[in-house]
Amino acid sequence: MTFQPATVSNDLISLPKLPAWVTSGRAETLETVAFRSGVALTILDQLVSDPSGGVPVKLLANRLALTAASATSKLEGRMAREVDIRDAFHLTPAGEARGPDGDLLAFWRDAARLRITGRDWNAALKAFVGLDLETEVDGWLRSAASRCQTHGPLVGCVSVMRSVLEVDDRAERVACLFSDVVLARVLNWPVVLPVSAHCLTKAILRDLDEDEPELAVQLRILQSIEDAVHRSCDLAQRAAALQAVAPRLRAKGSDAAVALFLSEDAVAPSTALSPMIQGTTIPMTDRAARRLCDRLVELGVARELTGRPTFRLYGIAP
């Protein structure tokens, strides 16, 4: 999986998709979920690992991070909405406190950038989750890896989540992150995609020692993986549409602005594009930034996300 600017596939219809029998409703067992998850993970791996498919992986990771932040907010008892979390992160001026909602999104965005390959990847992971859990990490991951080999990836995910929550039953976000790490290690990804948390509930996690809750957790993670597959295909199509209209943009720095839209789920014209396009040294005036965003909306490839006349955010059209 590479986090490079997406390329447009010559035939988006050829993107791998989930067969109907994988997503059809049925009486589930641990065995059928293991089989279905193997198919879904194989397809997701193909989508995010092959740049020729055109999936904008940075954008996908940031959108998944927002959903994970909303899900873990509920797990932690705050119940913040995605729109509030997004605004807290993207609209807080630099240097000012984002508050718990913005910090939660920052956690998941930073988690999606953690390298989990190379000699020191586990040291970086330990530092990221904090010293309170550091001494347990190696054992949890070894045990989960073993379970993955014998029983499949989702069993390893549940194993590591149970290990974390046995030590601290309020560490839901860390438990979900470690589940994502287990998936990424199984698939040999260099970084994680935040998928495990999306469909989980506090009630399901509370009783993880029981057989039925274990199946319930696996089903919820499988649902999130399937959703990530659908999002990947959808974003590949929307990225292709944006890149197709890019030559019609006349603003100086429009190529860099388009690249930013292909990596960020929300773009604030007054900060991300002006006075300098984020991640570049290319200047853009506030007026030019607003006009460029409005032009993308006109062309049908972006939309305004807030519904407000001021403090606006833009993103690729859903």
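Mentor: What follows is a set of questions about labels, each answered by setting a value against its cut-off. Keep in mind that this is a predicted model.

Trainee: Let's begin with α15. How do you know that its length agrees with its number of residues?

Mentor: The helix covers residues 286-298, which is 13 residues. The expected span is 1.5 Å times one less than the number of residues, so for α15 it should be 18 Å. The end C-alpha atoms are 18 Å apart, and that agrees.

Trainee: Which residues of α15 are buried, and what makes them line one face of the helix?

Mentor: The buried ones are A289, L292, C293 and L296. Looking down the axis of α15, they fall within an arc of 95°, so they line one face. On the face turned away from that buried side you'll find the exposed residues R287, R291 and E298. Just after the helix, G300 has a positive phi of about 80°.

Trainee: What about α13: why is it called largely enclosed?

Mentor: Six of its eight residues are buried, so the rest of the structure largely encloses it. Those buried residues are S254, A256, A257, V258, L260 and F261.

Trainee: On to the aromatics. How many aromatic pairs are there, and what makes W140 and F178 stacked or edge-to-face?

Mentor: There are three aromatic pairs in the structure. For W140 and F178, the ring centres are 5.9 Å apart and the planes stand at 75°. Centres within 6.5 Å make a pair, and planes over 60 degrees apart count as edge-to-face, so that is what W140 and F178 are.

Trainee: What does that pair tie together?

Mentor: W140 is in helix α8 (residues 137-151) and F178 in helix α10 (residues 172-187), so the pair ties together parts that are 38 residues apart in sequence. W140 counts as buried at 7% relative accessibility, and F178 is buried at 0%.

Trainee: Which residues do the ring pairs link into a cluster?

Mentor: F107, W108 and F128. R173 lies over the face of F107, at 5.3 Å from the ring centre.

Trainee: What makes S159 and S163 buried or exposed?

Mentor: S159 has 10% relative accessibility, so it counts as buried. S163 has 17%, so S163 also counts as buried. Both are found in helix α9. S159 touches S143, A144 and R147, again not counting residues up to four places away in sequence.

Trainee: Last, the backbone. What makes N188 and F311 worth a mention?

Mentor: Most residues other than glycine have a negative phi. N188 is not a glycine, yet it has a positive phi of about 60°. F311 has a positive phi too, near 50°. N188 sits in the loop between α10 and α11, and F311 in the loop between β1 and β2.

Trainee: Why are they called buried or exposed?

Mentor: Exposed means over 50%. N188 is at 61%, so it counts as exposed, and F311, at 62%, is exposed as well.

Trainee: What kind of peptide bond joins S274 and P275?

Mentor: A cis one, with omega at about 0°. Most peptide bonds are trans. P275 lies in the loop between α14 and α15.

How values were computed: Residues numbered from 1 in each chain as written. Predicted model: local features only at pLDDT ≥ 70, side-chain atom pairs only at ≥ 80, totals over all residues. Heavy atoms only, no water. Helix = DSSP H or I, 4+ residues; strand = E, 2+ residues; numbered from the N terminus. Buried < 20%, exposed > 50% of the residue type's maximum accessible area, 1.4 Å probe, protein only. Arc of directions from axis to C-beta. Phe/Tyr/Trp six-rings, centres within 6.5 Å; stacked < 30°, edge-to-face > 60°. Lys NZ or Arg CZ within 6 Å of the ring centre and 35° of its normal. Contact = heavy atoms within 4.5 Å.
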